[in-house]
Amino acid sequence: MSTSPLEGGCLCGAVRYRIDAPPKWIGYCHCTSCRRSTGAPVTTFVGADAGSVSFTCGKREQFASSPGVQRGFCARCGTPLTYEGERFPGEIHFYVSTFDEPQTLHPEFHVYCEERLEWLDIADSLPRYLATTKG
Ligand SMILES: [Zn+2]
Ligand SMILES: [Zn+2]
């Protein structure tokens, strides 16, 4: 597991963030909303305590992708950055690939496996859950 603080940002560098606590969890999400929002066949989230997060440069734009869900992104370059849901009070979920050192952040589980693209075969032994029974 990586050490804090964790830093990251968008592709153009306009939005930068820092997290001053270890991640609460790290997991893959296979849901169709994440897929469309990121353009990637699977998403990997890093769950952070909202209180440990600071935006050190710039500001996210927010888009309500579902009732009670806000997805944050850079308005300049479009990089998806965050997910916040009413179902996860006090948490901000960051996309792992926006961190400066994603190689230090190891996923622990998969969620929304019922929506996984069939051709995407990830050969790990991590626990697999339906919907968000975990995370
Ligand atoms: Zn940007
Ligand atoms: Zn998802």
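**View 1. Gly-85 in strand β8 of the predicted model.** Gly-85 belongs to strand β8, where strands (E, at least two residues) and helices (H or I, at least four residues) are DSSP runs numbered from the N terminus. The model is predicted, so local features need pLDDT of at least 70 and side-chain atom pairs count only at pLDDT 80 or more, while totals for chains, interfaces and linings use all residues. Residues are numbered from 1 along each chain as its sequence is written, and chains are lettered from A and ligands numbered from 1 in the order in which they are written. Gly-85 counts as partly exposed because 17 C-beta neighbours lie inside 10 Å; a residue is buried if 20 or more other C-beta atoms lie within 10 Å of its own, exposed if 12 or fewer, and partly exposed in between, with C-beta atoms placed from the backbone. Apart from residues up to four places away in sequence, Gly-85 touches Gly-68 and Val-69, a contact being two C-beta atoms, placed from the backbone, within 7 Å. A distance of 9.1 Å separates the C-alpha atoms of Gly-85 and Ser-66, which are 19 residues apart along the chain.

View 2. Strands β6 (residues 61–66) and β7 (residues 69–73) pair in the antiparallel sense over 4 bridges; two strands pair if DSSP finds at least two bridges between them. Glu-61 has Phe-73 in β7 as its bridge partner. The β6 and β7 hairpin has 2 residues between its strands, and Gly-68 in the turn has a positive phi of about 80°. Strand β7 also pairs with β8, in the antiparallel sense and over 5 bridges, with Gly-72 opposite Thr-82 in β8. In the hairpin of β7 and β8, 6 residues stand between the strands, and the turn residue Gly-78 has a positive phi of about 85°.

**View 3. The open sheet of 7 strands.** The strand order is β6-β7-β8-β9-β4-β3-β10, and the pairing is mixed. At the edges stand β6 and β10 (109–111), each with a single partner strand, so one side of each is left without a neighbour in the sheet. From one strand to the next the twist averages 30°; axes are lines fitted to C-alpha atoms, for helices over the stretch in contact, and angles run from 0 to 180 degrees between N-to-C directions. Within this sheet, β8 and β9 are antiparallel and share 2 bridges. Thr-82 stands opposite Phe-94 in β9.

**View 4. The open sheet of 3 strands.** Antiparallel pairing joins the strands in the order β1-β2-β5. The edge strands, β1 (6–9) and β5 (53–57), each pair on one side only. Neighbouring strands of this sheet are turned by 25° against each other on average, direction ignored. Strand β2 (residues 16–19) pairs with β5 in the antiparallel sense over 4 bridges, and Arg-18 stands opposite Ser-54 in β5. Of the 5 residues of β5, the number buried is 0, so β5 lies largely in the open.

**View 5. The largest nonpolar core and the surroundings of Leu-81.** This core has 23 residues; a nonpolar core is a set of buried Ala, Val, Leu, Ile, Met, Phe, Trp, Tyr and Cys residues joined through C-beta atoms within 7 Å. The residues with the most contacts inside the core are Cys-29, Phe-45, Val-46, Leu-81, Phe-94 and Val-96. Two or more core residues come from each of β2, β3 (25–29), β4 (43–49), β8 (80–85) and β9 (91–95). Beyond its neighbours within four places in sequence, Leu-81 is in contact with Cys-10, Val-15, Arg-60, Gly-72, Phe-73, Cys-74, Phe-94, Tyr-95 and Thr-98.

**View 6. The chain as context for the close-up views.** The chain has 1 helix and 10 strands, following the pattern β-β-β-α-β-β-β-β-β-β-β along the sequence. Of its 135 residues, 30% count as buried. Its radius of gyration is 14 Å, which agrees with the value near 14 Å for a compact globule of 135 residues; the radius is taken over C-alpha atoms, and the globule rule is 2.2 Å times the number of residues to the power 0.38. Along the principal axes, the C-alpha atoms fill a box of roughly 40 × 30 × 25 Å. Of the contacts with a separation of 6 or more, 57% are between residues 24 or more positions apart.
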